[in-house]
Structures are given as structure tokens and as C-alpha cells.
Amino acid sequence: RERVRRQHAWLIAYLWSRDDHVCEKVLSFCTVSHLILDVSLNMYETVRNCKKAELNMLIQSLVYPGFTTLDLIGALQPLSQVPGTTTEIVAKAEGANPTDSGAAIMADATFATASASPDVILVPGGGTPAMDTLEDAATMEFLARQGETATWIVAVCTGSLLLGKAGLLKGYKAASHWAVIDTLEAFGATPVHERVVIDRNRCTG
């Protein structure tokens, strides 16, 4: 883990001296990879210590129009490789969900048909679209309901604001995008200016 962090730090320092725009993109990738590295290692311990021959774990991802592709795919790819996992993409409505990269993600289920008790809830960020989603009552109600029983609650970038608005970060330490991190206080969370923050079963970064 420390070797990966050192490699990313060197890469960021090198790119910063050449191109701020490119560096910001790489920085976003490194943040996601650090977050998933930490979550994956914690989940690996759970799997390794499990006495059952097979583990059945559902990773449920919330998507919405305009979310950031990397925040979802960068996190979901390694998490889905944990043995015994299945994944479910959930959106408010059926059909394709456009992302900020121009790609579209199809939902497996809607709020009405989604599995009731996911083991992991994953929420990607998305700039202005994430801010707009904060005002969507149906999305907030769904997230709050799913989070009540989830074993792990994970958010990337501004996705932590959605967790906060849904009441899932009250009394927890959390991270977010540097431009909005102080907003977490309004939701009863304690903002922490770190790339990745794990507080009990909440992981944000």
C-alpha cells in the first residue's frame, strides 16, 4: 500500500511542474485508487476471516444523470473482484444514465426494484449534477433506506455530500472534494482534509 502511495506522490509532483490540468485529472484518479485500496484491504480481511466456504456479498451502486464515470468504474472494478460478490447498478428511472465522460451507464434496477439489503453502497460524485441530486427527495429517501442496513457505505468525491444529505454521515468523519468539503458540517459530519477517510463502516475520499 505504501509503495503505491509513494508512486502516486511522485507522479503528481512531476506532472504538477508541467501541466496543472493534467495533474488535476491524475490527482482524481489517485484519490479514487487510494480510497479503493483502503476499502479493498478492509474487505479482504472480512473475506479472509469469514468461516463460510462461500461469501455472498452485494455491491450496490447509485447512479444519476451526469455523474463522474471514473468515480463509479474506478471504484467498482476492484471491489467487484472480491470473491463471492455481485454488483447492482441502481438509478431513479429505467434506461441509460449519461455521465460526464459522454458514456452512458445502464441501470440494473430502479428504486422500486432494487435489492433491499446491499452489503456495500457505493455513491459516485459528479460536480453540478451531484449538487442537483441533493434536492431530489426520492434519491435521498432511497439512499437513506439502503444505508440503514448496509455493511459498508462508500462515496467518492462529492458523493459524500449525497451520503450527508441522506443522514448517513451524522456523527462520522468524512472527506470530499476540496471545494465542497466544509459543506459536510451542515449534515452533522466532521470534515477531514485527507484523501481517504474511514470511520467505522463509512469510507469517503
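Leaving aside its neighbours within four places in sequence, which residues is Val123 in contact with? They are Leu62, Leu143, Val154, Ala155, Val156, Gly159, Leu162 and Leu163, where contact means heavy atoms within 4.5 Å.

## Ground rules

This is a predicted model, in which local features need pLDDT of at least 70 and side-chain atom pairs count only at pLDDT 80 or more, while totals for chains, interfaces and linings use all residues. Residues are numbered from 1 along each chain as its sequence is written, and side-chain values use heavy atoms, with hydrogens and water left out.

## Overall make-up

The protein has six helices and eleven strands; these are DSSP runs numbered from the N terminus (helices H or I, at least four residues; strands E, at least two). Of its 205 residues, 48% count as buried, meaning under 20% relative accessible area with a 1.4 Å probe and protein chains only. Among contacts with a separation of 6 or more, 65% join residues 24 or more positions apart.

## The sheet and strand S6

Let's turn to the strands. Seven of them form an open sheet with mixed pairing, in the order S5-S2-S1-S6-S7-S11-S10; two strands pair if DSSP finds at least two bridges between them. Strands S5 (109-110) and S10 (197-199) stand at the edges with a single partner strand each, so one side of each is left without a neighbour in the sheet.

S6 pairs with S1 in the parallel sense over three bridges, and with S7, also in the parallel sense, over four. Val120 of S6 is the bridge partner of Ile59 and stands opposite Trp152 in S7. Leu122 has Val154 as its bridge partner in S7. Both faces of S6 are covered: Val120 and Leu122 on one side, and Ile121 and Val123 on the other, are all buried.

## The nonpolar core

Val123 comes up again here. Together with Leu143, Leu162 and Leu163, Val123 has the most contacts inside the largest nonpolar core, which holds 48 residues. Such a core is a set of buried Ala, Val, Leu, Ile, Met, Phe, Trp, Tyr and Cys residues joined through side-chain atoms within 4.5 Å. Among the elements that each supply at least two residues of this core are strand S1 (57-62), strand S6 (120-123), helix H5 (137-147) and helix H6 (159-165). In soluble globular proteins, nonpolar side chains tend to be buried together.

Note on methods: Buried < 20%, exposed > 50% of the residue type's maximum accessible area, 1.4 Å probe, protein only.
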